[in-house]
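Dear colleague,

Please find below the structure for your review. A summary of the findings follows it.

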Amino acid sequence: MTKTPDLIVVNAAVFTGDATGAPAEAFAVTDGEFTAVGGSADVARLAGPETTVVDADGRMVMPGICDVHTHLALGGASVAWDLSISPHSSPEEVCQAVATHAATLGSDDWISGGLVGSPTMEKLATVEMLTALDRAAGGRPVVLKDDTQHNRWVSSATLKAMGVTDDSPDPEGGTLVRDGSGRLTGVLWEQASRAAEEAFARSVEDPAARHRVTFTTAAQICNRYGITTACDAATMEPALRTLSALEAEGALTLRVVTSTVARPLLAEAGITGKELLEVSERYGSELLHVGFVKVFLDGVPMTRTAAMLDPYLPHACSAHEPESGECLYDLDGLVEELEQAVSAGRGVKIHAAGDASTRMALDAIAVMRERHGSRPVFHLAHTEYVAPSDVRRFAELDVVADASPYLWYPSIIQDALAACVPAEVVDRAWPLADFVASGATVAAGSDWPAGAPLPHTWTGIETMVTRQAPGGSEDAVHPAQALSLREALLSFTRRPAEAMGLGERVGSIEVGKSADFVVLSQNLFDVETHRIHETTVLETYLRGARVYDAKA
């Protein structure tokens, strides 16, 4: 006997996201799964006396957003704990924000916060600015993240806690930025940031309680923006432990796919590599999927640490050498890293911010395809700069283009990039339409909190379609590579679900899949394109249970 549905939604404009593209008006949910999709009259007849029937009143309903690239620990902490700084703030405004916050703290409390804009970071590498930060903080330790999450600005008290002095050598893969006289400025590039974060972590009295608040907050923020499935792009042991505990308590409102870290992170201390890979084997459940290994192949263009085929512009961003950046692995080393992950049954998510690192990643993946065929899953993030001859290789090698639309619209980050990267390279950024035309999978991710303080899905969707700033702008980023609205929606739903290995379970409204869906304030197909970013989520459902209600 067929079980009566627990929930029925009728009179909706349903974007199912299925392969046929067929619209629907209604669907039924039974035991957390979609059990019928179709017309309102047909689905309504399935209701029983205990069925909850929701009249959507014509509103748009779509599958829950699947974010293929986010950072839950960093994002949750940025909302739950950190001092919020606008990336548009000047150095003086940053110091004023620190001073205002410091007045509310104890004398020994640390100050953690962000985001400091990349152009602002360029102005901070002086002893005078370090003195200003020390004064604003009242002598307290300070750790401020930049908008890429790769770099930090810290106070003298933090430098002392790190155990570094003017005579300390730069760590491998990082720079303790000094002035012309060799004095520390408190600006930390790349791996130099890790020592600051480790010092901050040692100051936390109850890490477990902090992690619980951090990840609960992260899930709530994701739900607010319609996200029901997220690929955590750099997962450490505390995240595994905390997310598993939350699910066991019935308190996890987000499906998470993890990416354990191959080498030490900039932002979080803890075990990595093979040791973390082995620990992660203990975990895995309906809402916590242990799926990927994260490999950082280079840095970011703003600090000239992304590996580029062409030299950076002179006198831009920083004094970093070599002029074209460099990869953190050679080809043989990268293949060995990928082999370890694939041998453990994992996919691999590779950070490759430059066109040279992207080429090396594709070369390594080509070796893996010869060895292992089509089975392993590979994501390349962030596919901003890809040499034209390498675009077709994504489809040929079945590589997912992990794209971050929140980073590309005309913004403070784009201004910083334009000061570093030759114009002809910037002008061919984010070749998404070419990826799609060639048959490659484009899967969207917020990269939250890098580049944006919140994972605002609708901003990402709009900028994928317009390639302009939200609301429209005179400038556009490679407008010929704009996607259709339908393709953009698929890049936030079915495509990332498939890329995460969950295509049979989530990503579309189809019978047999988990009932993850969102109710929107406006129909994206009916509004003017430049107003898509004004969309809000009214309700978010995970496995048929409401996990976010805008009215609550």
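**Aromatic pairs and the open sheet**

The count of aromatic pairs comes to 7, where rings of Phe, Tyr and Trp (its six-membered ring) pair if their centres lie within 6.5 Å, with planes under 30 degrees apart counted as stacked, over 60 as edge-to-face and the rest as tilted. One of them is the tilted pair of Phe-15 and Phe-525, at 5.9 Å centre to centre and 35 degrees between the planes. These two residues are 510 residues apart, Phe-15 in the loop between β2 and β3 and Phe-525 in the loop between β21 and β22. Phe-15 is buried at 10% relative accessible area, whereas Phe-525 is partly exposed at 43% (buried means under 20%, exposed over 50%, partly exposed in between; 1.4 Å probe, protein chains only).

The model is predicted: local features need pLDDT of at least 70, side-chain atom pairs count only at pLDDT 80 or more, and totals for chains, interfaces and linings use all residues. Residues are numbered from 1 along each chain as its sequence is written, and side-chain values use heavy atoms, with hydrogens and water left out.

Phe-34 and Phe-517 form a tilted pair, at 6.2 Å and 45 degrees. Phe-34 lies in strand β4 and Phe-517 in strand β21, so the pair ties together parts 483 residues apart in sequence. Ring pairs link Phe-27, Phe-34, Phe-517 and Tyr-541 into a cluster.

Strand β21 also belongs to an open, mixed sheet of 5 strands, ordered β2-β6-β21-β22-β23 (strands are DSSP runs of E, at least two residues, numbered from the N terminus; two strands pair if DSSP finds at least two bridges between them).

Yours sincerely

Methods. Helices (H or I, at least four residues) and strands (E, at least two) are DSSP runs, numbered from the N terminus.
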